[in-house]
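Hello,

Here is the structure we talked about. My notes on its side-chain contacts come after it.

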Amino acid sequence: MNDELFTINVNLAGHRFPLTINRNDEQLYRDAAKNLKEKIDSYRERHAQLPYETVLVMAAYHFAIETQELKCREDVGPVVEKMDLLNKELDKYLKELQ
């Protein structure tokens, strides 16, 4: 496992940021920067009349929505576990009836 720290430089919205990260997370950070650039470019093309700052806020909001959607999907775990328990109890009950 390669978890040594090192510094990468990412360009976000025209600003260069040196980030110290675990080496095994490098692709994650680079992909995130690429996704942000693509989203900003997309909003700029569709909303050329808006100030750049507004486009940045729209892109940030887009990713905040995606984050919330992922959190909501993760929250079904307890429901699935409860359903499994109920299914097991129902199976046990049905076997007793036979």
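Below are the salt bridges, the ring contacts and one surface patch.

This is a predicted model: local features need pLDDT of at least 70, side-chain atom pairs count only at pLDDT 80 or more, and totals for chains, interfaces and linings use all residues. Residues are numbered from 1 along each chain as its sequence is written, and side-chain values use heavy atoms, without hydrogens and water.

Salt bridges come first. The count is three (a side-chain nitrogen of Lys or Arg within 4 Å of a carboxyl oxygen of Asp or Glu). Arg23 pairs with Glu4, with the closest N and O atoms 3.3 Å apart. Arg23 sits in the loop between strand E2 (15-22) and helix H1 (26-46), and Glu4 in the segment before strand E1 (5-12), so the pair ties together parts that are 19 residues apart in sequence. Helices (H or I, at least four residues) and strands (E, at least two) are DSSP runs, numbered from the N terminus.

Glu26 and Arg30 form a salt bridge at 2.8 Å, N to O. Lys37 and Asp41 are four residues apart in helix H1, about one turn.

Now the rings. Arg23 also lies over the face of Phe6, 4.0 Å from the ring centre (CZ of Arg or NZ of Lys within 6 Å of the centre and within 35 degrees of the ring normal).

Last, the surface. Leu90, Tyr93, Leu94 and Leu97 make a nonpolar patch of about 410 Å² (residues with over 30% relative accessible area and no salt bridge, nonpolar side chains joined within 5 Å; Shrake-Rupley areas, 1.4 Å probe). Tyr93 lies in helix H3 (residues 77-97).

Best wishes

Terms used:
Patches are made of residues with over 30% relative accessible area and no salt bridge: like charges are joined within 9 Å, nonpolar side chains (Val, Leu, Ile, Met, Phe, Trp, Tyr) within 5 Å.
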